[in-house]
Amino acid sequence: KARYEVCIRQCMAYGQMLMDDACKDIGDIKTLRDYGKMAVTLRSGHADGYYYEALADEHLGFVKEGLKAVNKALNIEPDGADILALKANLLADMGDYSQAASLYSESFDISADEAYLLMKGRVLFLMGNVDGAYEVYRRITDKELLEAAGINLNDMERRWPFVAIRGLKNLLKKGSKEG
């Protein structure tokens with residue numbers, strides 16, 4: 001048990017470095033992967049080792065291996081929002097944007113973390129569904145999150161006339177119902 005706990009602490013440390021973009025080189029990501037695999041060896045019935053292995057695989061470009069690991073984590077913890085979002089990242093890497101968007105929605109529904117809405121919006125944008133992305137971004141109440149991601153809703157409204165057209169349609173519908 002103590003060895004497993006050490007592995008998970010190391011996974012957490014290296015995972016945080018990865019998320020903070022503080023890895024010195026690819027060796028740090030490989031170390032994360034190694035600690036994740038070691039955690040799986042020590043406790044295969046826990047999702048954490050699989051999660052960290054998949055996180056490293058994603059950043060190393062081993063998408064298929066990452067999907068195998070994340071699916072094992074989901075078999076153990078099917079309602080883990082972060083695990084679902086990691087699977088969505090991997091699916092998006094493979095170009096399966098529709099499934100990725102669905103998983104980001106599910107992650108948000110479980111956790112209420114608006115970062116998952118941001119990710120869903122980006123995937124919808126990649127799919128060419130700018131209107132859908134805009135609608136998802138509008139649901140985000142944390143304006144600092146949008147700003148940090150470089151998303152300005154006012155710019156989107158000016159750049160894409162669909163927003164103005166939809167607003168006009170809504171006004172016309174509202175006017176015809178009142179009249």
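Accessible areas come from the Shrake-Rupley method with a 1.4 Å probe, and for residues only the protein chains shown count as cover.

This is a predicted model, in which local features need pLDDT of at least 70 and side-chain atom pairs count only at pLDDT 80 or more, while totals for chains, interfaces and linings use all residues. Residues are numbered from 1 along each chain as its sequence is written, and side-chain values use heavy atoms, with hydrogens and water left out.

**Figure 1**
The chain has 11 helices and 0 strands. Helices (H or I, at least four residues) and strands (E, at least two) are DSSP runs, numbered from the N terminus. Read from the N terminus, the elements run α-α-α-α-α-α-α-α-α-α-α. Of the 179 residues, 41% count as buried; buried means under 20% relative accessible area, exposed over 50%, and partly exposed in between (1.4 Å probe, protein chains only). Among the contacts with a separation of 6 or more, 48% are between residues 24 or more positions apart. A contact means heavy atoms within 4.5 Å.

**Figure 1. The salt bridge between Arg33 and Asp57.**
The side chains of Arg33 and Asp57 meet in a salt bridge, at 2.4 Å from N to O. The pair links distant parts of the chain, 24 residues apart: Arg33 is in helix H2 (residues 26-42) and Asp57 is in helix H3 (residues 47-60). A salt bridge is a side-chain nitrogen of Lys or Arg within 4 Å of a carboxyl oxygen of Asp or Glu. By this rule the count comes to 1 salt bridge. Arg33 counts as buried because its relative accessible area is 18%. Asp57 is buried too, with a relative accessibility of 0%.

**Figure 2. Lys120, a buried charge in helix H7.**
Lys120 lies in helix H7 (residues 115-126). Lys and Arg count as positive and Asp and Glu as negative, while His and the chain ends are not counted. Lys120 is buried yet has no salt bridge, and the nearest side chain of opposite charge, Asp109, is 7.9 Å away. Leaving out residues up to four places away in sequence, Lys120 touches Ala101, Tyr104, Ser105 and Val136.

**Figure 3. Ala88 in helix H5, shown with Lys120.**
Ala88 lies in helix H5 and counts as buried, because its relative accessibility is 0%. Ala88 and Lys120 are 32 residues apart in sequence, and their C-alpha atoms are 9.1 Å apart in space. Not counting residues up to four places away in sequence, Ala88 touches Ala100, Leu103 and Tyr104. Tyr104 is also one of the residues that Lys120 touches.

**Figure 4. Asp28, a buried charge in helix H2.**
Asp28 is found in helix H2. Asp28 is buried and has no salt bridge; Lys24, the nearest side chain of opposite charge, is 4.3 Å away. Apart from neighbours within four places in sequence, Asp28 is in contact with Tyr14, Met17 and Cys23.

Tyr35 lies in helix H2. Tyr35 counts as partly exposed because its relative accessible area is 22%. Its contacts, not counting residues up to four places away in sequence, are Cys7, Gln10, Cys11 and Tyr14. Tyr35 and Gln10 are 25 residues apart along the chain, and their C-alpha atoms are separated by 6.9 Å.

Asp21 is in the loop between helix H1 (2-19) and H2. Asp21 is not a glycine, although its phi is positive, at about 55°. With a relative accessible area of 72%, Asp21 is exposed. Ala112 lies in the loop between helix H6 (97-111) and H7. Ala112 has a positive phi of about 65° and is not a glycine either. At 52% relative accessibility, Ala112 counts as exposed.

**Figure 5. A negative surface patch.**
Asp48, Glu77, Asp79 and Asp82 form a negative surface patch. Patches are made of residues with over 30% relative accessible area and no salt bridge; like charges are joined within 9 Å, and nonpolar side chains (Val, Leu, Ile, Met, Phe, Trp, Tyr) within 5 Å. The place of a charge is taken as NZ of Lys, CZ of Arg, CG of Asp or CD of Glu. Asp79 is in the loop between helix H4 (63-76) and helix H5 (81-93). Asp79 counts as exposed, at 52% relative accessibility.
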